[in-house]
Amino acid sequence: AYSYMALVPVIQPPIIKLLTTREERLIRMKPSRPVSKRIRIIFPILAFVLCAGIAPGAISLLGFLFFGNLLKESGVTERLAKTARNSLIDTVTILLGLCVGASTDASRFLTPASVKIALLGAVSFCVATAAGVLFAKLMNLWAKDKINPIIGAAGVSAVPDSARVCQMVGAKEDPQNFLIMHAMAPNVAGVIGSAVAAGVFLSRFVF
């Protein structure tokens with residue numbers, strides 16, 4: 001997983017540049033419309049119920065994702081939200097890294113199966129990036145307000161690295177073009193979609 005995240009700034013920029021023209025990369029999108037607090041609170045609740053109905057196997061992952069969002073947006077749990085996004089996440093990351101590192105010795109990690117998984121992950125990442133960019137270009141054929149196809153590359157589950165890469169690529173063409181907030185939408189959607197897909201596969205193929 002860490003290798004996969006590290007590949008984001010290496011793999012995505014060349015694919016984006018290969019599949020887009022400079023004119024497309026210079027597209028400036030309209031600022032996002034204001035969203036009321038009520039909608040921001042309803043979204044994680046409704047999205048969790050819908051996703052849980054589709055993929056019960058992903059309830060734990062989706063539950064924590066939407067729970068964190070609800071802590072932040074409710075406005076009455078600021079102390080818990082601050083703890084969750086700072087000290088708690090740092091502690092969990094350190095413990096996770098130590099546990100994974102301690103259990104990943106060469107006999108388990110450097111195997112043909114591990115190499116195949118890594119290669120398959122890299123290929124799927126390239127395909128997902130290219131598909132996102134091409135789909136954004138397809139949407140531009142009928143969209144009234146043009147979409148910068150760079151943000152299509154953020155439709156993978158590497159949050160927030162992919163959104164940052166989109167911002168970086170766009171800023172190289174136009175330093176005043178701020179794409180990161182637009183890119184966060186497909187980036188978060190990629191996380192939700194990946195979790196739902198994983199839950200569906202788990203429920204169908206794991207016995």
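Analyst: Helices here are DSSP runs of H or I with at least four residues, strands are runs of E with at least two, and both are numbered from the N terminus. By that rule, S162 sits in helix α9. Bear in mind that this is a predicted model, where local features need pLDDT of at least 70, side-chain atom pairs count only at pLDDT 80 or more, and totals for chains, interfaces and linings use all residues. Residues are numbered from 1 along each chain as its sequence is written, and side-chain values use heavy atoms, with hydrogens and water left out.

Back to S162: its relative accessible area is 0%, so it counts as buried (under 20%; exposed is over 50%, partly exposed in between, with a 1.4 Å probe and protein chains only). Leaving out residues up to four places away in sequence, S162 touches V8, Q12, A153, A154, V156 and N187 (contact is heavy atoms within 4.5 Å).

Now for the core. A nonpolar core is a set of buried Ala, Val, Leu, Ile, Met, Phe, Trp, Tyr and Cys residues joined through side-chain atoms within 4.5 Å. The largest one has 21 residues, and I16, I150, C166 and A183 touch the most other members. Elements giving two or more residues to this core are α2 (8-19), α8 (112-139) and α9 (161-173). Setting aside neighbours within four places in sequence, C166 is in contact with I150, I151, A153, A154, L179 and A183. There's also a second, separate core of nine residues, with A47, F66, A195 and V196 among them.
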